Protein chains: 2
Amino acid sequence: MQTCDHVREHTATADRAKKNLPAPAEIEALAGVFKSISEPARLKILFALRQGELCVLHIVEAVGGTQSAVSHQLRILKAAGIVKARREGQNILYSLSDAHVVAVLELACTHLSCKF
Amino acid sequence: MQTCDHVREHTATADRAKKNLPAPAEIEALAGVFKSISEPARLKILFALRQGELCVLHIVEAVGGTQSAVSHQLRILKAAGIVKARREGQNILYSLSDAHVVAVLELACTHLSCKF
DNA sequence: TCAATATATGAATACTTGTTCATATATTAC
DNA sequence: GTAATATATGAACAAGTATTCATATATTGA
(Lines give C-alpha, C1' and ligand atoms only; values in the text may rest on other atoms or scores of the structure.)
Protein backbone atom coordinates (compact mmCIF):
# COMPACT_ATOMS: atom_id res chain seq x y z
CA MET A 1 0.00 0.00 0.00
CA GLN A 2 1.16 3.50 -0.81
CA THR A 3 0.56 6.78 0.89
CA CYS A 4 -1.98 9.09 -0.59
CA ASP A 5 -0.93 12.70 -0.65
CA HIS A 6 -3.17 14.26 -3.22
CA VAL A 7 -4.04 17.16 -0.94
CA ARG A 8 -1.99 18.21 2.05
CA GLU A 9 -5.07 19.54 3.80
CA HIS A 10 -6.67 16.11 3.69
CA THR A 11 -3.59 14.50 5.18
CA ALA A 12 -3.98 16.87 8.10
CA THR A 13 -7.61 15.82 8.48
CA ALA A 14 -6.55 12.19 8.51
CA ASP A 15 -4.01 12.89 11.25
CA ARG A 16 -6.61 14.68 13.30
CA ALA A 17 -9.06 11.83 12.75
CA LYS A 18 -6.50 9.31 13.95
CA LYS A 19 -5.75 11.31 17.09
CA ASN A 20 -9.40 11.92 17.94
CA LEU A 21 -10.50 8.31 17.61
CA PRO A 22 -12.17 7.00 20.79
CA ALA A 23 -10.18 4.46 22.77
CA PRO A 24 -10.51 0.84 21.60
CA ALA A 25 -12.47 -0.08 24.72
CA GLU A 26 -15.01 2.62 24.02
CA ILE A 27 -15.32 1.63 20.40
CA GLU A 28 -15.95 -1.95 21.50
CA ALA A 29 -18.56 -0.87 24.02
CA LEU A 30 -20.39 1.21 21.45
CA ALA A 31 -20.25 -1.61 18.93
CA GLY A 32 -21.69 -3.89 21.58
CA VAL A 33 -24.66 -1.63 22.16
CA PHE A 34 -25.44 -1.33 18.47
CA LYS A 35 -24.91 -5.02 17.89
CA SER A 36 -27.40 -5.82 20.60
CA ILE A 37 -30.10 -3.77 18.88
CA SER A 38 -29.24 -4.81 15.35
CA GLU A 39 -31.26 -8.02 15.24
CA PRO A 40 -34.89 -7.89 14.13
CA ALA A 41 -35.91 -10.27 16.91
CA ARG A 42 -34.35 -8.03 19.53
CA LEU A 43 -35.68 -4.83 18.01
CA LYS A 44 -39.18 -6.26 18.20
CA ILE A 45 -38.67 -6.91 21.88
CA LEU A 46 -37.60 -3.31 22.43
CA PHE A 47 -40.62 -1.96 20.59
CA ALA A 48 -42.85 -4.25 22.63
CA LEU A 49 -41.31 -2.98 25.86
CA ARG A 50 -42.07 0.58 24.84
CA GLN A 51 -45.62 -0.21 25.97
CA GLY A 52 -44.38 -1.01 29.44
CA GLU A 53 -43.04 -3.77 31.65
CA LEU A 54 -43.69 -7.32 30.40
CA CYS A 55 -42.95 -10.84 31.57
CA VAL A 56 -41.20 -13.28 29.25
CA LEU A 57 -44.26 -15.16 28.05
CA HIS A 58 -46.04 -11.92 27.25
CA ILE A 59 -43.05 -10.81 25.26
CA VAL A 60 -43.19 -14.12 23.43
CA GLU A 61 -46.86 -13.46 22.75
CA ALA A 62 -46.13 -9.99 21.43
CA VAL A 63 -43.14 -10.68 19.22
CA GLY A 64 -43.51 -14.34 18.29
CA GLY A 65 -40.87 -17.07 18.32
CA THR A 66 -40.14 -19.67 20.95
CA GLN A 67 -39.73 -19.05 24.66
CA SER A 68 -36.15 -20.24 24.49
CA ALA A 69 -35.18 -17.94 21.64
CA VAL A 70 -36.76 -14.94 23.33
CA SER A 71 -35.03 -15.79 26.59
CA HIS A 72 -31.66 -15.94 24.85
CA GLN A 73 -32.32 -12.56 23.22
CA LEU A 74 -33.35 -11.05 26.53
CA ARG A 75 -30.10 -12.24 28.04
CA ILE A 76 -28.16 -10.41 25.34
CA LEU A 77 -30.18 -7.22 25.76
CA LYS A 78 -29.74 -7.37 29.52
CA ALA A 79 -26.00 -7.98 29.27
CA ALA A 80 -25.75 -4.95 27.01
CA GLY A 81 -27.61 -2.83 29.54
CA ILE A 82 -30.48 -2.18 27.15
CA VAL A 83 -33.16 -3.79 29.29
CA LYS A 84 -33.44 -4.53 32.99
CA ALA A 85 -35.32 -7.25 34.83
CA ARG A 86 -36.92 -7.74 38.19
CA ARG A 87 -38.57 -10.79 39.66
CA GLU A 88 -42.18 -10.73 40.82
CA GLY A 89 -43.25 -14.11 42.06
CA GLN A 90 -42.89 -16.66 39.31
CA ASN A 91 -42.46 -14.02 36.68
CA ILE A 92 -39.53 -11.93 35.64
CA LEU A 93 -40.61 -8.54 34.39
CA TYR A 94 -38.50 -6.87 31.73
CA SER A 95 -38.41 -3.19 30.90
CA LEU A 96 -36.25 -0.73 28.98
CA SER A 97 -33.16 0.36 30.89
CA ASP A 98 -33.38 4.06 30.28
CA ALA A 99 -34.74 6.73 28.00
CA HIS A 100 -31.65 6.72 25.78
CA VAL A 101 -32.77 3.46 24.24
CA VAL A 102 -36.03 4.85 22.98
CA ALA A 103 -34.33 8.06 21.91
CA VAL A 104 -31.80 6.16 19.81
CA LEU A 105 -34.57 4.11 18.22
CA GLU A 106 -36.54 7.22 17.39
CA LEU A 107 -33.56 9.01 15.94
CA ALA A 108 -32.81 6.05 13.71
CA CYS A 109 -36.46 6.00 12.68
CA THR A 110 -36.21 9.65 11.75
CA HIS A 111 -33.16 8.83 9.70
CA LEU A 112 -35.19 6.26 7.79
CA SER A 113 -38.33 8.39 7.78
CA CYS A 114 -40.43 5.74 9.38
CA LYS A 115 -43.42 6.63 11.43
CA PHE A 116 -42.32 5.43 14.88
CA MET B 1 -45.68 -23.52 25.61
CA GLN B 2 -48.44 -22.28 27.89
CA THR B 3 -50.13 -18.95 28.16
CA CYS B 4 -49.16 -16.70 30.97
CA ASP B 5 -52.07 -14.99 32.66
CA HIS B 6 -50.71 -13.92 36.00
CA VAL B 7 -52.05 -10.39 35.64
CA ARG B 8 -54.84 -9.42 33.28
CA GLU B 9 -53.47 -5.92 32.95
CA HIS B 10 -50.20 -7.28 31.60
CA THR B 11 -52.00 -9.38 29.02
CA ALA B 12 -53.58 -6.17 27.77
CA THR B 13 -50.14 -4.57 27.54
CA ALA B 14 -48.91 -7.54 25.53
CA ASP B 15 -51.82 -7.20 23.12
CA ARG B 16 -51.13 -3.52 22.69
CA ALA B 17 -47.45 -4.23 22.15
CA LYS B 18 -48.27 -6.76 19.46
CA LYS B 19 -50.56 -4.34 17.64
CA ASN B 20 -48.15 -1.43 17.82
CA LEU B 21 -45.15 -3.31 16.51
CA PRO B 22 -43.61 -1.63 13.43
CA ALA B 23 -44.09 -3.45 10.13
CA PRO B 24 -41.55 -6.21 9.39
CA ALA B 25 -40.01 -4.16 6.60
CA GLU B 26 -39.37 -1.27 8.95
CA ILE B 27 -37.92 -3.55 11.59
CA GLU B 28 -35.59 -4.98 8.99
CA ALA B 29 -34.54 -1.53 7.81
CA LEU B 30 -33.80 -0.39 11.35
CA ALA B 31 -31.86 -3.56 12.07
CA GLY B 32 -29.85 -2.93 8.91
CA VAL B 33 -28.86 0.54 10.04
CA PHE B 34 -27.76 -0.64 13.47
CA LYS B 35 -25.98 -3.66 12.04
CA SER B 36 -23.99 -1.41 9.76
CA ILE B 37 -22.68 0.62 12.70
CA SER B 38 -22.19 -2.29 15.05
CA GLU B 39 -18.75 -3.32 13.91
CA PRO B 40 -15.71 -1.70 15.56
CA ALA B 41 -13.98 -1.30 12.21
CA ARG B 42 -16.95 0.59 10.80
CA LEU B 43 -17.47 2.68 13.91
CA LYS B 44 -13.88 3.83 13.66
CA ILE B 45 -14.52 4.95 10.11
CA LEU B 46 -17.53 6.96 11.23
CA PHE B 47 -15.58 8.66 13.99
CA ALA B 48 -12.82 9.45 11.51
CA LEU B 49 -15.31 11.01 9.12
CA ARG B 50 -16.58 13.26 11.88
CA GLN B 51 -13.46 15.34 11.16
CA GLY B 52 -14.56 15.81 7.58
CA GLU B 53 -14.44 14.34 4.11
CA LEU B 54 -11.67 11.78 3.54
CA CYS B 55 -10.42 9.63 0.68
CA VAL B 56 -10.04 5.90 1.15
CA LEU B 57 -6.32 5.82 1.81
CA HIS B 58 -6.61 8.56 4.37
CA ILE B 59 -9.33 6.58 6.09
CA VAL B 60 -7.00 3.59 6.05
CA GLU B 61 -4.32 5.77 7.60
CA ALA B 62 -6.70 6.97 10.30
CA VAL B 63 -8.32 3.71 11.32
CA GLY B 64 -5.75 1.08 10.37
CA GLY B 65 -6.32 -2.20 8.55
CA THR B 66 -5.83 -2.99 4.89
CA GLN B 67 -7.13 -0.98 1.94
CA SER B 68 -9.27 -3.90 0.89
CA ALA B 69 -10.92 -4.37 4.25
CA VAL B 70 -11.65 -0.66 4.58
CA SER B 71 -13.09 -0.59 1.09
CA HIS B 72 -15.41 -3.48 1.90
CA GLN B 73 -16.57 -1.71 5.05
CA LEU B 74 -17.17 1.51 3.16
CA ARG B 75 -19.32 -0.37 0.71
CA ILE B 76 -21.49 -1.62 3.56
CA LEU B 77 -21.78 1.82 5.13
CA LYS B 78 -22.67 3.34 1.79
CA ALA B 79 -25.27 0.69 1.02
CA ALA B 80 -26.84 1.39 4.41
CA GLY B 81 -26.99 5.09 3.63
CA ILE B 82 -24.66 5.98 6.49
CA VAL B 83 -21.96 7.53 4.34
CA LYS B 84 -21.91 9.04 0.88
CA ALA B 85 -19.14 9.25 -1.67
CA ARG B 86 -18.11 11.52 -4.52
CA ARG B 87 -15.29 11.19 -6.95
CA GLU B 88 -12.64 13.88 -7.27
CA GLY B 89 -10.05 12.89 -9.81
CA GLN B 90 -8.40 9.65 -8.78
CA ASN B 91 -9.84 9.84 -5.31
CA ILE B 92 -13.20 9.00 -3.91
CA LEU B 93 -14.10 11.20 -1.00
CA TYR B 94 -16.31 9.78 1.70
CA SER B 95 -18.36 11.71 4.22
CA LEU B 96 -21.18 11.14 6.67
CA SER B 97 -24.60 11.02 5.04
CA ASP B 98 -26.44 13.27 7.42
CA ALA B 99 -26.52 14.67 10.92
CA HIS B 100 -28.61 11.79 12.27
CA VAL B 101 -25.58 9.54 12.18
CA VAL B 102 -23.55 11.71 14.49
CA ALA B 103 -26.58 12.29 16.70
CA VAL B 104 -27.16 8.56 17.13
CA LEU B 105 -23.49 8.02 17.93
CA GLU B 106 -23.55 10.78 20.50
CA LEU B 107 -26.72 9.52 22.12
CA ALA B 108 -25.25 6.06 22.43
CA CYS B 109 -22.12 7.58 23.92
CA THR B 110 -24.24 9.39 26.46
CA HIS B 111 -25.89 6.09 27.28
CA LEU B 112 -22.46 4.61 27.99
CA SER B 113 -21.18 7.80 29.60
CA CYS B 114 -18.24 8.07 27.29
CA LYS B 115 -16.68 11.36 26.51
CA PHE B 116 -17.48 11.68 22.80
C1' DT C 1 -0.62 3.89 -25.31
C1' DC C 2 1.85 2.82 -21.04
C1' DA C 3 2.80 3.26 -16.24
C1' DA C 4 1.35 4.72 -11.80
C1' DT C 5 -2.04 5.70 -8.37
C1' DA C 6 -6.57 5.01 -6.18
C1' DT C 7 -10.41 2.21 -5.37
C1' DA C 8 -13.40 -1.81 -5.81
C1' DT C 9 -14.60 -6.63 -5.86
C1' DG C 10 -14.98 -11.92 -6.20
C1' DA C 11 -13.81 -16.10 -3.94
C1' DA C 12 -12.26 -18.60 -0.01
C1' DT C 13 -11.62 -19.09 4.74
C1' DA C 14 -12.37 -18.26 9.50
C1' DC C 15 -15.18 -16.34 12.90
C1' DT C 16 -19.30 -14.93 15.01
C1' DT C 17 -23.95 -15.47 16.10
C1' DG C 18 -29.04 -17.09 16.13
C1' DT C 19 -32.05 -20.87 16.75
C1' DT C 20 -33.47 -25.30 18.31
C1' DC C 21 -33.80 -29.07 21.51
C1' DA C 22 -33.42 -30.86 25.77
C1' DT C 23 -32.94 -29.91 30.33
C1' DA C 24 -32.07 -27.21 34.53
C1' DT C 25 -33.47 -23.78 38.07
C1' DA C 26 -36.80 -21.22 40.68
C1' DT C 27 -41.26 -20.06 42.56
C1' DT C 28 -45.93 -21.16 43.97
C1' DA C 29 -49.86 -24.01 45.25
C1' DC C 30 -51.48 -28.32 46.86
C1' DG D 1 -42.46 -33.08 49.25
C1' DT D 2 -44.75 -33.08 44.64
C1' DA D 3 -46.74 -31.02 40.67
C1' DA D 4 -47.27 -27.08 37.84
C1' DT D 5 -45.79 -22.77 35.93
C1' DA D 6 -42.17 -19.50 34.47
C1' DT D 7 -37.64 -18.69 33.04
C1' DA D 8 -32.83 -19.76 31.90
C1' DT D 9 -29.10 -22.23 29.79
C1' DG D 10 -25.74 -25.59 27.49
C1' DA D 11 -24.63 -27.91 23.29
C1' DA D 12 -25.04 -28.51 18.46
C1' DC D 13 -26.06 -27.00 14.09
C1' DA D 14 -27.03 -23.49 10.61
C1' DA D 15 -26.65 -19.06 8.81
C1' DG D 16 -24.42 -14.80 8.34
C1' DT D 17 -20.28 -11.95 8.05
C1' DA D 18 -15.38 -9.98 8.20
C1' DT D 19 -10.94 -10.47 6.41
C1' DT D 20 -7.45 -11.79 3.17
C1' DC D 21 -5.53 -12.42 -1.34
C1' DA D 22 -5.47 -11.72 -5.90
C1' DT D 23 -7.15 -9.11 -9.41
C1' DA D 24 -10.11 -5.79 -11.82
C1' DT D 25 -11.58 -1.02 -12.90
C1' DA D 26 -10.86 3.86 -13.29
C1' DT D 27 -8.30 8.13 -13.51
C1' DT D 28 -4.15 10.81 -14.42
C1' DG D 29 0.16 12.13 -16.50
C1' DA D 30 3.97 11.13 -19.56
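Helices (H or I, at least four residues) and strands (E, at least two) are DSSP runs, numbered from the N terminus. This is a predicted model: local features need pLDDT of at least 70, side-chain atom pairs count only at pLDDT 80 or more, and totals for chains, interfaces and linings use all residues. Residues are numbered from 1 along each chain as its sequence is written, while chains are lettered from A and ligands numbered from 1 in the order in which they are written.

**View 1. Arg16(B) sits in helix H1 of chain B.** Arg16(B) has 15 C-beta neighbours inside 10 Å, so it counts as partly exposed. (Buried means 20 or more other C-beta atoms within 10 Å of a residue's own, exposed means 12 or fewer, and partly exposed lies in between; C-beta atoms are placed from the backbone.) Tyr94(B) is 78 residues from Arg16(B) in sequence. In space, their C-alpha atoms are 43 Å apart.

**View 2. Three strands of chain A form an open sheet.** The order is E1-E3-E2, with antiparallel pairing. (Two strands pair if DSSP finds at least two bridges between them.) Strands E1 (54-55) and E2 (83-88) of chain A stand at the edges with a single partner strand each, so one side of each has no neighbour in the sheet. E2(A) and E3 (residues 91-96) of chain A pair over 6 bridges. Lys84(A) has Ser95(A) of E3(A) as its bridge partner. Helix H5 (residues 67-79) of chain A packs on the sheet and touches E2 and E3 of chain A. (Contact means C-beta atoms, placed from the backbone, within 7 Å.) The direction of H5 makes about 115° with that of E2(A). (Axes are lines fitted to C-alpha atoms, for helices over the stretch in contact; angles run from 0 to 180 degrees between N-to-C directions.)

**View 3. Helices H4 (residues 56-63) and H5 (residues 67-79) of chain B cross at roughly 105°.** Their axes come within 10 Å. H4(B) is therefore roughly perpendicular to H5(B). (Angles under 35 degrees count as roughly parallel, over 145 as roughly antiparallel, 65 to 115 as roughly perpendicular and the rest as oblique.) Contact residues include Ile59(B) of H4(B) and Leu74(B) of H5(B).

**View 4. Chain B meets chain A.** Here 53 residues of chain B are in contact with 51 residues of chain A. A rotation of 180° with 0.0 Å of shift along its axis superposes chain B on chain A, with an RMSD of 0.1 Å. (The superposition is by least squares on the C-alpha atoms of residues with pLDDT of at least 70 in both copies.) The two copies are thus related as by a two-fold rotation axis.

Methods:
Two residues are in contact if their C-beta atoms, placed from the backbone, lie within 7 Å.
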